[in-house]
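Student: Hi! Could you walk me through a structure I'm about to paste in?

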Amino acid sequence: MSSRPRRRLYDSSSTEGGRNAAKSSARRHKPDYWILILTSLLLVIGLVVVYSISPGLAASLHVSQGYFITKQLIDVGLGLGIFAVAAYLPSSWWWRSAKPLAIVAIVGSLVVMFTPIDAVYQAHRWIRLGGFSFQIAELIKLALLTYMARFLSMQWQAGKIADFKETFQPLLILLIAVGLVVAKFQSDLGSTGVMVAMIVLMVFAVGVPLKKVAMISALVLVLLVLAISSSAYRRERLATFLHPQSNCQGNGYQACQALIAVGSGGIFGLGLGYSVQAYGYLPEASNDSIFAIMAEKFGFIGTVAIVVVYGAFIARLKRIIEHTQDQFKRLLVVGVLAWLSTQMIINIGAMLGLLPLKGITLPLISQGGTSLIFLMAALGLVFQISRYTSYSKSEPETSVRQQSNNYYNPNGRRLGRAHSAPATTRPRT
Amino acid sequence: MTPRESVTPYSSGNSNRRVQIWYGVLMIVIAVFVVRLFYLQIIKHDYYHQQALKDQLKEYSIAAERGVIMAHDRGGVVPIVLNEKLYTLYADPTFVKNPDSDAISLAKITNSQAGNYAKLMKTKNSRYVVLAKRVTPDQKNKIMTLKLSGVGVRAQDYRTYPQGSLAAQLLGFVSDDGKGTYGLEQALNKELTGTSGMLKAITDASGVPLVANRDNLQVAPKDGSDVTLTVDVAIQKQLETILKQGLDKAKSSSGSAVILDPNNGAIKAMANWPTYDPSQYYKVADANLFNNAAVSSPLEIGSAMKVLTAAAALDQGVIKPDTSYSDPGHWLLDGHEITNIEEDGGPGIHSVPEILNLSINTGATWMLMQMGGQTGTVTKTARDKWHDYMVNHYQLGKATGVEQGYESSGTIPDPDNGYALQLTYANTAFGQAMTTTPLQLAAALASVVNGGTYYQPHLVDSYMDSTGKTIAKKPVIIRQGVVSTVVSQQMQSLMEYVLANHHLQPPFTDNYSVGGKTGTAQIANPAGGYYSDKYNGTYLGFVGGDKPQYVIMVRVNQPGVGGYAGTAAAQPIFSTLAHMLIDNFGVVPKS
């Protein structure tokens with residue numbers, strides 16, 4: 001990094017948006033490099049693991065030796081590029097893009113519904129263009145992230161956060177829409193889980209009354225029961241989960257093989273080059289099941305280290321949330337935390353036999369181009385936001401709202417509520 | 001609810017507290033993961049390790065290469081059975097994507113019916129269907145370039161026969177599951193197969209051993225021994241040609257012949273007609289073709305047996321080579337008449353040479369009676385002595401132990417138990433009411449003319465084990481003093497006399513000692529008694545110089561030519577064979 005931009009980091013005139021630079025107290029500063037370090041660490045772990053099983057996997061699938069690692073290198077390269085772009089896009093860009101992104105996601109979902117059903121998964125999940133396939137659910141996650149952050153922060157700004165008609169009703173519609181589109185038509189309960197977690201946790205984090213959060217959670221439960229009972233395949237998976245040993249040769253095969261991979265790793269693991277389960281025993285070894293393969297290779301010590309890295313990532317994101325005064329930005333990070341942590345929990349939980357199996361990737365480590373690229377975009381966004389954290393305890397809350405309310409009203413019309421809540425009336429806890 | 005009220009209690013401070021609660025939940029989840037990992041990876045490690053090995057550790061047997069078979073060819077040794085790597089084309093129907101189009105591309109390469117392949121590839125509930133066997137390396141390479149999902153090949157050793165169908169029944173074949181079947185392949189299956197090795201390895205799910213694993217255990221296979229036969233390829237070829245020509249001439253559809261070295265029991269050639277191509281054994285519809293009739297199909301040999309009867313009587317000293325006796329023309333034994341069916345043999349004074357030359361059944365019976373000391377009855381003593389000679393001297397009625405599958409032992413009637421024993425035993429004196437294989441007879445005659453030593457007839461000259469060490473197989477002496485050397489000489493002379501009086505064409509010169517005896521055997525009717533119009537022709541003889549060098553046994557089944565079967569059908573074959581051996585195979589003339 002050259003010395004010129006470094007100086008500019010402390011130049012108040014260069015704060016994002018620029019229009020309200022003078023009012024901003026959360027000045028642009030160094031980003032949280034831990035985000036970049038932890039992201040890179042997980043990417044490298046993924047590359048190493050995929051590299052180590054790539055030749056064997058390639059041999060059993062009759063593709064060229066370097067097929068998997070090449071694909072993963074390309075995806076990581078693309079992901080880093082998108083991270084870099086997102087890291088320099090101002091939050092206002094995301095604010096403006098929330099609606100277009102949502103429209104693209106809706107159109108994409110419609111397109112997917114009308115493409116031929118995928119033979120392997122019996123679901124409409126992918127848009128295929130030439131040799132590339134694109135999983136629409138990942139785009140929906142990003143659109144949901146920006147749209148929810150924008151919607152909730154607007155409602156919060158307007159003081160309508162507890163309003164049934166203005167806030168609660170649209171959320172319910174959104175939940176049902178996500179349930180219908182992703183769980184039913186794309187038959188992707190794993191991604192639905194991540195999206196629902198993002199919605200519920202953003203709602204929770206913005207400060208919606210607990211009673212309403214509970215109502216939303218109840219609705220989610222009802223939808224979940226509906227989703228499971230409506231599909232024979234899901235009922236089977238649930239039954240398999242509840243009685244894992246009963247059907248190791250049939251539906252429970254993957255779950256059993258995952259446990260065998262994890263358990264056979266022992267304390268120190270078999271070693272990087274010595275995985276066995278990756279070669280035909282455990283399906284999806286390089287993507288959905290990669291955690292179990294790592295557990296086999298690296299053993300208890302290595303696996304705990306990886307879980308700890310995710311923990312550190314979560315802690316870092318939490319820290320950014322706590323110190324981001326701007327509600328829109330704060331909710332964006334909340335959404336990313338929900339995204340990353342829920343996906344990680346669903347994936348690892350299934351590999352450890354604590355949750356039913358879902359076709360979902362382990363964030364940043366698994367092979368799976370679309371999932372990696374969109375998550376990298378979201379993390380680039382977090383990296384950008386981490387430049388505007390504020391660590392001063394005496395920071396007035398009002399100024400936070402003022403500094404950022406430029407994009408609450410893109411037309412220049414001020415929303416009066418922003419000023420009607422003086423800092424002194426809000427008790428700090 | 002006013003907007004203001006709604007905002008105030010839910011400040012970012014409060015909502016950060018919610019984030020902290022959520023963060024706490026996440027940390028608890030991570031802690032649960034760590035505990036779970038501890039449980040799975042440390043507490044339950046042994047259990048899962050065992051579970052993993054149950055799936056991953058597989059034991060394979062590594063096939064040893066089957067030994068090749070060689071035979072003498074004049075001075076040297078040539079291979080007659082070799083191995084060739086071919087491929088079995090198979091499919092796993094669960095992975096086949098386009099059975100119809102795949103079948104068409106495969107059938108094009110293997111030149112077979114696409115319809116069959118498609119049907120096989122659509123088999124339900126099967127993970128392994130064999131599409132084609134014996135796919136050549138060339139075809140295999142073409143198939144591999146198609147990269148069809150669910151289609152694979154498996155290498156397998158197959159036998160290949162540089163000499164074509166030569167000695168097919170003697171050799172036998174190796175079935176698709178690698179088992180020697182019939183002939184030498186069956187008898188020496190253990191030696192030829194060797195010991196398969198073992199690979200205990202961690203494998204991938206499809207069973208391919210993972211090279212990287214540290215716990216792999218390998219025991220190298222011990223290849224089967226190579227075998228060199230006593231058979232001489234050139235003699236075998238001649239024998240097969242001459243036998244076929246002779247059978248054609250005699251209007252017979254089947255027959256066998258054996259050429260044996262009487263001085264060590266080595267089989268020089270052994271053939272049957274009809275025969276088959278061992279490289280295409282799977283196309284043979286009639287399994288009888290696989291039989292080496294010369295060792296597997298016993299027959300009533302007929303009058304050729306009289307030489308063994310005479311030798312036994314001479315050896316016991318109850319007759320002399322020039323003994324004369326009064327022949328009544330028939331014997332009444334157990335209410336049945338023994339008569340002469342072959343050539344002249346009416347009542348009158350006959351001598352031992354005439355019994356053989358004219359093939360007098362009543363004369364052979366007379367010789368048997370002499371063993372018991374009572375002309376007119378076949379006493380128990382006579383029967384016991386003759387039985388002793390047949391079974392213990394000539395080794396009849398028991399398998400020779402030659403290296404052949406399905407060897408038959410033949411049957412010799414019990415001398416003391418049974419119905420019409422006198423009649424039965426009188427019949428055995430001229431080769432009826434008992435059965436032997438051509439090989440048994442050749443070996444028995446060998447012991448009579450070689451000075452009295454019974455060598456086990458054998459086909460193996462030497463083994464070469466997988467380390468390259470050659471183990472020569474020494475001739476095995478089963479019995480010495482089968483007959484005395486004097487009797488041996490006398491028998492040679494008697495047989496030379498018989499042969500000379502039969503005027504074989506072309507004639508043999510005096511430089512060589514050639515002797516023999518015909519047999520025209522009635523064929524037992526399975527319904528009882530004998531067929532009145534069906535005969536087998538046999539000839540048992542030898543050729544040599546100062547001492548016999550080859551013993552020859554010829555069998556012609558139900559010849560269609562007129563005259564006595566032995567003389568008209570079998571004798572010419574013997575004659576041609578003896579000339580062939582003299583002309584081409586180093587029979588040493590008399591000094």
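Student: How are α4(B) and α6(B) oriented to each other?

Tutor: In this predicted model, α4(B) and α6(B) are roughly antiparallel, because their axes cross at roughly 160° and angles over 145 degrees count as roughly antiparallel. Helix α4 covers residues 99-110 and α6 residues 137-146 of chain B, with axes that come within 9 Å. Helices are DSSP runs of H or I, at least four residues long, numbered from the N terminus; axes are lines fitted to C-alpha atoms over the stretch in contact, with angles from 0 to 180 degrees between N-to-C directions.

Student: Which residues meet there?

Tutor: From α4(B), B:Ser105, B:Leu106, B:Ile109 and B:Thr110 meet B:Gln139, B:Lys142, B:Ile143 and B:Leu146 of α6(B). Being in contact takes C-beta atoms, placed from the backbone, within 7 Å.

Student: New topic: is B:Val318 buried or exposed, or in between?

Tutor: B:Val318 counts as partly exposed because it has 18 C-beta neighbours inside 10 Å. The scheme calls 20 or more buried, 12 or fewer exposed, and anything in between partly exposed.

Student: Where does B:Val318 sit, and what does it touch?

Tutor: B:Val318 is in the loop between α12 (306-316) and β13 (324-327) of chain B. Leaving aside residues up to four places away in sequence, B:Val318 touches B:Ala313, B:Gln370 and B:Met371.

Key:
Residues are numbered from 1 along each chain as its sequence is written. Chains are lettered from A and ligands numbered from 1 in the order in which they are written. This is a predicted model: local features need pLDDT of at least 70, side-chain atom pairs count only at pLDDT 80 or more; totals for chains, interfaces and linings use all residues. Helices (H or I, at least four residues) and strands (E, at least two) are DSSP runs, numbered from the N terminus. Two residues are in contact if their C-beta atoms, placed from the backbone, lie within 7 Å. Angles under 35 degrees count as roughly parallel, over 145 as roughly antiparallel, 65 to 115 as roughly perpendicular and the rest as oblique.
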